[in-house]
Amino acid sequence: MEFALEAARLAVDRRCEDVRLLDVRGLSQLCDSILIASGTSDRQMRSVASELEDLGRSEGNERFRVTGDALETWIVVDFVDLVVHLFKSIIFHLNFDRRN
């Protein structure tokens with residue numbers, strides 16, 4: 001969980017918006033934590049994803065996989081115990097607004 005907290009701090013420090021860290025231990029068989037954040041540009045999202053990979057590597061949490069969509073509105077960085085979802089701000093807000 002310590003790595004997940006450091007990853008969330010990094011997202012906040014890099015000015016991501018709507019940063020949420022969810023503890024899903026006991027609820028998910030796939031991971032222990034989910035970090036959700038939104039960025040204002042694809043450049044910011046790629047930079048944060050890269051810095052998260054560097055942070056993981058430095059703390060012994062190598063990333064398993066990085067994926068995203070073709071429009072660069074969503075990036076997933078999978079560290080197995082922590083899964084990070086980075087959304088472009090407008091997409092993040094549109095999707096949540098549709099549900100409410």
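Visitor: What does Gln44 touch in this predicted model?
Guide: Leaving out residues up to four places away in sequence, Gln44 touches Arg14, Arg15, Cys16 and Gly39. Gln44 sits in helix α2, residues 42-58.

Visitor: Why is Gln44 called buried?
Guide: Buried means under 20% relative accessible area. Gln44 has 13% relative accessibility, so Gln44 counts as buried.

Visitor: What makes the pair of Gln44 and Arg15 a polar contact?
Guide: A polar contact needs N or O atoms within 3.5 Å, one able to donate a hydrogen and the other to accept it. Here a polar atom of the Gln44 side chain lies 3.2 Å from the backbone oxygen of Arg15.

Visitor: Why does Ser33 count as buried?
Guide: The cut-off is under 20%. Ser33 has 2% relative accessibility, so Ser33 is buried. Its neighbours in contact include Met1, Ala4 and Leu82, with residues up to four places away in sequence not counted.

Visitor: What makes β4 and β5 a pair?
Guide: The requirement is again at least two bridges. β4 and β5 have five, in the antiparallel sense. Trp74 stands opposite Phe87 in β5.

Visitor: Why is β5 called largely enclosed?
Guide: Six of its seven residues are buried, so the rest of the structure largely encloses strand β5.

Conventions
Residues are numbered from 1 along each chain as its sequence is written. This is a predicted model: local features need pLDDT of at least 70, side-chain atom pairs count only at pLDDT 80 or more; totals for chains, interfaces and linings use all residues. Side-chain values use heavy atoms; hydrogens and water are left out. Helices (H or I, at least four residues) and strands (E, at least two) are DSSP runs, numbered from the N terminus. Buried means under 20% relative accessible area, exposed over 50%, partly exposed in between (1.4 Å probe, protein chains only). Contact means heavy atoms within 4.5 Å.
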